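Thanks, everyone, for making the time.

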Amino acid sequence: MPKTVAIICDCDNTLAPDTTSLLLESNGIDTKQFWPMIENLVREGWDPPIAWMTEICNLIQDGKISQNTNQKLAEFGKTIETFPGAVDFIPELNSMLQEKGLDASVEGYVVSSGFEDLMKGTRLSETFTDIFGGRFYEKDGKIAGIKSAVTFTEKTKFIFAVNKGIMSKIRTEPYRVNELIASEKQVIPFENMIYLGDGPSDIPCFSTIKKQGGACIGIDVGKEWHKEFEKQLREREVTSFKPDYTKESDLYNKLKFLITEMAND
């Protein structure tokens, strides 16, 4: 039976620039005021994704964000330029496996606290199997509130969904992720997973996958690199790379090495 390797990625500052900040800036909103306001809410006890999604909803209701439907968020996603090679590296890795004659394939998944409809509007949807993020509901043809949010540990729910092969049902049958599945029946075992992330919200996923034999890679976005996250990576012996996914890059070569190892195991 062919082996499947899953590459699971955060989105903002991993595969693309911060999409929420890009959305705000495109509507003339000062992110240097917005994000400190979110930090204040977090200090008051708000969960970070709930805080910024709520504030985005408020801005939409006030007419300050023109992308006031999920469809318009997706259309905005089409304008976002991802990091070099981010759209192409999944099919290129599959081509590499075929050239080596290895009976394996690669699937890509995005699991992010960002806005799902916006991310699905980007070109990432062309090559990634599925994209999961926070979602809004609409009322009277306009975004009216939060339908679901992807918090830090919530990200691990989607990893278990990939592991158990229930990605298509995780939204409508969320409790199925708790089903006990014997290791030999897992669709994509954890040791066949690679997780890529750029910040503290990715630590639960790193811990979950690495403890069970998978691989993790930190993405270093330079000036926005979080020092505490860098420390967490060192403690977990996780290597970091710049967000360059082109075939000549160090990151691509690392992925190529890991996938070839997993395919041969």
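This is a predicted model: local features need pLDDT of at least 70, side-chain atom pairs count only at pLDDT 80 or more; totals for chains, interfaces and linings use all residues.

Let me begin with Asn-13, which is buried because its relative accessible area is 12%, where buried means under 20%, exposed over 50% and partly exposed in between, computed with a 1.4 Å probe on protein chains only. Residues are numbered from 1 along each chain as its sequence is written, and side-chain values use heavy atoms, with hydrogens and water left out.

Asn-13 sits in the loop between strand 1 (3–9) and helix 1 (19–26), helices (H or I, at least four residues) and strands (E, at least two) being DSSP runs numbered from the N terminus. Most residues other than glycine have a negative phi, yet Asn-13, which is not a glycine, has a positive phi of about 65°.

Asp-140, also not a glycine, has a positive phi of about 55°, and this residue is found in the loop between strand 3 (130–139) and strand 4 (142–148). Is Asp-140 buried or exposed? With a relative accessible area of 76%, Asp-140 is exposed.

Turning to packing, helix 5 (residues 89–99) and helix 10 (residues 250–264) pack at an angle of about 45°, with their axes 11 Å apart; axes here are lines fitted to C-alpha atoms, for helices over the stretch in contact, and angles run from 0 to 180 degrees between N-to-C directions.
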